[in-house]
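The following paragraphs lead the reader through a single structure. Please keep the sequence and the coordinates in view while reading.

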Amino acid sequence: EEDENNSLQRDFSERLNLTDKITDCQSQDEAYESCPSMIESGPECERQVHCEQKTQQPEVQALGPDWVQIYKQDEDGDTLLHMAIIQAEELYAQHFMSVAPSQQCVDIQNSQQQTAMHLAVLTRQPALARSLLCCGARLEARDRWGNTPLHVACRNGDLICVQHLTLPVREGEVKHALYSPQTQVIPQSMDIKNYEGETCLHLAA
């Protein structure tokens, strides 16, 4: 079986630069906005609403495209949120989380079945992992190897990430205004096993 870390390192190196992807998305938005006939009816009406929202918040617009483009998956299944985390662009990642219209967006899985939280833990960014948890990202989501984000943190010996994933969310930490995150048990069950039959405690030993 292919080693997970080697596979991820190769995959990361092959992906386009985040700035290039954002520029491409913004170019698509500009082309879209220059053709009013495209937004008269159908699903694209939704885009018109978001374009109007963007013009009302220019300081947010400067950070990147709207949520429709942010959470559109590329050929690897990655969204711009995934890319921002992979490339340690915390400002972009935090902004992308703040405009997510639903919890399902932050839980999107790529072709490796990794969520944004998996990637935040894998790249050792505990603050982002905590922010995702406060946005309601699922602790028990599994990647292609059956690992939850906590499995990954324990395997990496990352005590800070372990702490961030096992400390219950306090009321003051929930700052997301667009939706109410679903409640979940924190910490997760320590009996959850990956596809090799290993629990988090097995990996931490």
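**A guided reading of the model**

Thr115 is buried, its relative accessible area being 1%; buried means under 20% relative accessible area, exposed over 50%, and partly exposed in between, with a 1.4 Å probe and protein chains only. The model is predicted, and local features need pLDDT of at least 70, side-chain atom pairs count only at pLDDT 80 or more, while totals for chains, interfaces and linings use all residues. Residues are numbered from 1 along each chain as its sequence is written, and side-chain values use heavy atoms, with hydrogens and water left out.

Thr115 lies in the loop between helix H8 (103–106) and helix H9 (116–122). Helices here are DSSP runs of H or I with at least four residues, numbered from the N terminus, as are strands, which are runs of E with at least two. The side chains of Thr115 and His118 are joined by a polar contact of 3.0 Å. Such a contact is a pair of N or O atoms within 3.5 Å; within protein, one must be able to donate a hydrogen and the other to accept it, and residues adjacent in sequence count only if both atoms are side-chain atoms. Apart from neighbours within four places in sequence, Thr115 is in contact (heavy atoms within 4.5 Å) with His82, Asp107, Ile108, Gln109 and Ala141.

Arg124 occupies the loop between H9 and H10 and is partly exposed, with a relative accessible area of 47%. Its C-alpha is 8.8 Å in space from that of Asn156, although the two residues are 32 apart in sequence. The side chain of Arg124 reaches the backbone oxygen of Asn156 at 3.3 Å. When neighbours within four places in sequence are set aside, Arg124 is in contact with Asn156 and Asp158.

Two packed helices are described by the angle between their axes and the distance between the axes. The axes of helix H7 (residues 90–98) and helix H10 (residues 126–134) come within 11 Å and cross at roughly 0 degrees. H7 is therefore roughly parallel to H10, a term for angles under 35 degrees. Glu90, Ala93, Gln94 and Met97 in H7 meet Ala127, Leu128, Ser131 and Leu132 in H10.

The structure holds zero disulfides, a disulfide being a pair of cysteine sulfur atoms within 2.5 Å. For Cys134, the nearest cysteine sulfur is that of Cys135, 7.1 Å away, which is too far for a bond. Cys134 is buried at a relative accessible area of 10%, and Cys135 also counts as buried, at 8% relative accessibility.

Note on methods:
Axes are lines fitted to C-alpha atoms, for helices over the stretch in contact, and angles run from 0 to 180 degrees between N-to-C directions. Angles under 35 degrees count as roughly parallel, over 145 as roughly antiparallel, 65 to 115 as roughly perpendicular and the rest as oblique.
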